Amino acid sequence: MTDAKFLSFEGIDGCGKSTQAKRLAAHLTTAGQEVILTREPGGSPGAEAIRSLLLTGATDKWSAETELLLFTAARRDHLERTITPALSAGKIVVCDRFADSTRVYQGATRGDLRGKVDELHRAVIGREPDLTLIIDVDPEVALARGLARNSGEDRFEDFGLPFQQKLRAGFLALAAQYPQRCHIIDGNRTPEAIFTDVLSLATS
Ligand SMILES: Nc1ncnc2c1ncn2[C@@H]1O[C@H](COP(=O)(O)OP(=O)(O)OP(=O)(O)O)[C@@H](O)[C@H]1O
Ligand SMILES: [Mg+2]
């Protein structure tokens, strides 16, 4: 059905990643595949504990460096406890955000940290998804969608519209950097129309 075993969804806050990740996992499960739907930050008990430290509270709660270490610690735990065991057991892993989010968010908050992001990734993560679907949405639309959810995990949304615009540019640049792995999908459409593209990319 699909050669990609480890798929990630990326894009700015509120672009529709979780919506599409859920749909894809449900579709593949119905088609008879063993699928793990997971998310970052989080995806394992230790990483979920770090998630709540990262996504709640004031925007200046952590410095960009500390934030990077926390994200990377969470990712390492997620990889060890959830992703690697699932892939070893032959399951498909659908991941709602992965390392690309760290590259883009740290790049947007403090561009000069990107070198450290890459160094840490090489040292303790060393794994990329087989396929990454970036949902590209007008930041104004996405911000309204995200905040409307009132999830209580709005620390990044609270950085505001210019930040989301920087993030969008960051994801587009990332797609240009990794053209084999990353595909951009127009997210300014209905969830159904977007899912048609998700499915054709994930199963081709
Ligand atoms: N294509 C769409 N059109 C309109 N609304 C959508 C669409 N996709 C998702 N939504 C709605 O927008 C909100 C945000 O979607 P979703 O949670 O999937 O985004 P997300 O990218 O996972 O956000 P976050 O980065 O904050 O986790 C939800 O309320 C969802 O129901
Ligand atoms: Mg989400």
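Which residues in α3 meet which residues in α5?

## Basis of the model

This is a predicted model, in which local features need pLDDT of at least 70, side-chain atom pairs count only at pLDDT 80 or more, and totals for chains, interfaces and linings use all residues. Residues are numbered from 1 along each chain as its sequence is written, while chains are lettered from A and ligands numbered from 1 in the order in which they are written.

## Helices α3 and α5

L68, T72, R75, R76 and L79 in α3 meet K116, V117, L120, V124 and I125 in α5. Contact means that C-beta atoms, placed from the backbone, lie within 7 Å. Six of the residues in this contact are nonpolar, one is polar and three are charged.

Two packed helices are described by the angle between their axes and the distance between the axes. For α3 (residues 64-88) and α5 (residues 114-125), the angle is about 25° and the axes are 11 Å apart. The two helices are therefore roughly parallel to each other, a label for angles under 35 degrees. The crossing of α3 and α5 is right-handed.

## Helices α1 and α8

Helix α1 (residues 17-30) packs against helix α8 (residues 191-202) at an angle of about 55°, with the axes 10 Å apart.

On the α1 side the contact is made by T19, Q20, R23, L24 and H27, and on the α8 side by P191, I194, F195, V198, L199 and A202. By class, seven residues are nonpolar, three polar and one charged.

## Nonpolar cores

A nonpolar core is a set of buried Ala, Val, Leu, Ile, Met, Phe, Trp, Tyr and Cys residues joined through C-beta atoms within 7 Å. Buried means that 20 or more other C-beta atoms lie within 10 Å of the residue's own. The largest core has 38 residues, and L7, L24, V94, L133, I135 and L167 have the most contacts inside it.

Apart from neighbours within four places in sequence, L24 is in contact with V94, V198 and A202. A second, separate core of eight residues includes A47, L68, A74 and L120.

## Two backbone features

Most residues other than glycine have a negative phi, and most peptide bonds are trans. R97, in the loop between β3 (92-96) and α4 (99-109), has a positive phi near 80°. R97 is buried, with 23 other C-beta atoms within 10 Å.

The peptide bond from E40 to P41 is cis, with omega near -15°. P41 lies in the loop between β2 (35-39) and α2 (45-55). Helices (H or I, at least four residues) and strands (E, at least two) are DSSP runs, numbered from the N terminus.

Definitions and conventions:
A residue is buried if 20 or more other C-beta atoms lie within 10 Å of its own, exposed if 12 or fewer, and partly exposed in between; C-beta atoms are placed from the backbone. Two residues are in contact if their C-beta atoms, placed from the backbone, lie within 7 Å. Axes are lines fitted to C-alpha atoms, for helices over the stretch in contact, and angles run from 0 to 180 degrees between N-to-C directions. Angles under 35 degrees count as roughly parallel, over 145 as roughly antiparallel, 65 to 115 as roughly perpendicular and the rest as oblique. A crossing is left-handed if the near helix is turned anticlockwise from the far one by less than a right angle, and right-handed if clockwise. Ala, Val, Leu, Ile, Met, Phe, Trp, Tyr, Cys and Pro count as nonpolar, Asp, Glu, Lys and Arg as charged, and the others, Gly among them, as polar.
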